[in-house]
Amino acid sequence: MAEDYLTDDEQLEHVKALAAEYGPWIIGAVVLGLAFVTGYRYYQSHQNQRALAAATQFDGVTTAIARNDGATARAITDGLIKDFPGSPYADQAQMALAALYVDHGEDANAVGPLRQVMDHSKDNDLRRIARLRLARVVIDQGKPDEALSLLSDDPGAFADRYHDVRGDAYYAKHDPQKAAEEYRAALAGSRGDMNQALITLKIADLGVSPAPAGPTAAMAAPIPARPGTAPAAPATKAKP
């Protein structure tokens, strides 16, 4: 290169010229990089502080619930939602508060927190869990059709639980055949994290006939009538 043949003074002058031409850009890049690093560290610190504050408030919710102090739990949860909207801690506080209301027989008060999580949580699985719990609540309120409507969406990884609660809804509607179908579907799709013995007892309590031995069964057995009810209509022949 031509620079290899320059004298020391000429090389120095060349460096000075480059510094004069590109120096401001280099300095600007360094300053910008330092500002980015400083800003990122500040953002991380700020986020950590917010997470710690939210965790502290959530701990206050669980402590109040352990003392059966619903008023304090509700007040702290409201603060969590206001100060940290969309936070996982706010979602969990809503779920815990709803459970407290249900345990105390205050189902109507549980609806609001569950709907909040169901409609606004960023966690899809948590939204489905809230939907399941809300469906159970409205069944207890005598609204099985509303529960079935709630559970008409995509169940994701909770298909077995959706079937179980839908079975409860059909049981509340006095439709034992459909209830049994849902319970059997819950058992068939269970991943081992459900109380299968309880679901089996639910099916037995319905008093319906056993499920056909296979898909080739041409005629389903009639449903025995419960005491005080009209006998069920005979099953029709399956269409090919």
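Aspartate 160 lies in helix H7 (residues 159-172). Helices here are DSSP runs of H or I of at least four residues, numbered from the N terminus. The model is predicted: local features need pLDDT of at least 70, side-chain atom pairs count only at pLDDT 80 or more, and totals for chains, interfaces and linings use all residues. Residues are numbered from 1 along each chain as its sequence is written, and side-chain values use heavy atoms, with hydrogens and water left out.

Aspartate 160 counts as buried, at 3% relative accessibility. Buried means under 20% relative accessible area, exposed over 50%, and partly exposed in between (1.4 Å probe, protein chains only). The C-alpha atom of aspartate 160 is 5.3 Å from that of glycine 189. Along the chain, these two residues are 29 residues apart.

Histidine 174 lies in the loop between H7 and helix H8 (176-189). Histidine 174 is exposed, with a relative accessible area of 72%. Its phi is positive, about 60 degrees, although histidine 174 is not a glycine. Asparagine 68 also has a positive phi, near 60 degrees, and is a residue other than glycine. Asparagine 68 is placed in the loop between helix H1 (8-66) and H2. Most residues other than glycine have a negative phi.

Helix H4 (residues 107-120) has 14 residues and should span 20 Å at 1.5 Å a residue. The expected span is 1.5 Å times one less than the number of residues. The end C-alpha atoms of H4 are 20 Å apart, which agrees. The buried residues of H4 are Asp107, Ala110, Val111, Pro113, Leu114, Val117 and Met118. Their cover includes helix H2 (70-83), helix H3 (88-103), helix H5 (124-140) and helix H6 (144-150).

H3 and H5 pack at an angle of about 15 degrees, with axes 12 Å apart. H3 is therefore roughly parallel to H5 (angles under 35 degrees count as roughly parallel). Axes are lines fitted to C-alpha atoms, for helices over the stretch in contact, and angles run from 0 to 180 degrees between N-to-C directions. The crossing of H3 and H5 is left-handed, meaning that the near helix is turned anticlockwise from the far one by less than a right angle. Asp91, Gln92, Met95 and Val102 in H3 meet Leu126, Ile129, Ala130, Arg133 and Val137 in H5. By class, this contact has 6 nonpolar, 1 polar and 2 charged residues. Contact means heavy atoms within 4.5 Å. Ala, Val, Leu, Ile, Met, Phe, Trp, Tyr, Cys and Pro count as nonpolar, Asp, Glu, Lys and Arg as charged, and the others, Gly among them, as polar.

Definitions and conventions. Helices (H or I, at least four residues) and strands (E, at least two) are DSSP runs, numbered from the N terminus. Angles under 35 degrees count as roughly parallel, over 145 as roughly antiparallel, 65 to 115 as roughly perpendicular and the rest as oblique.
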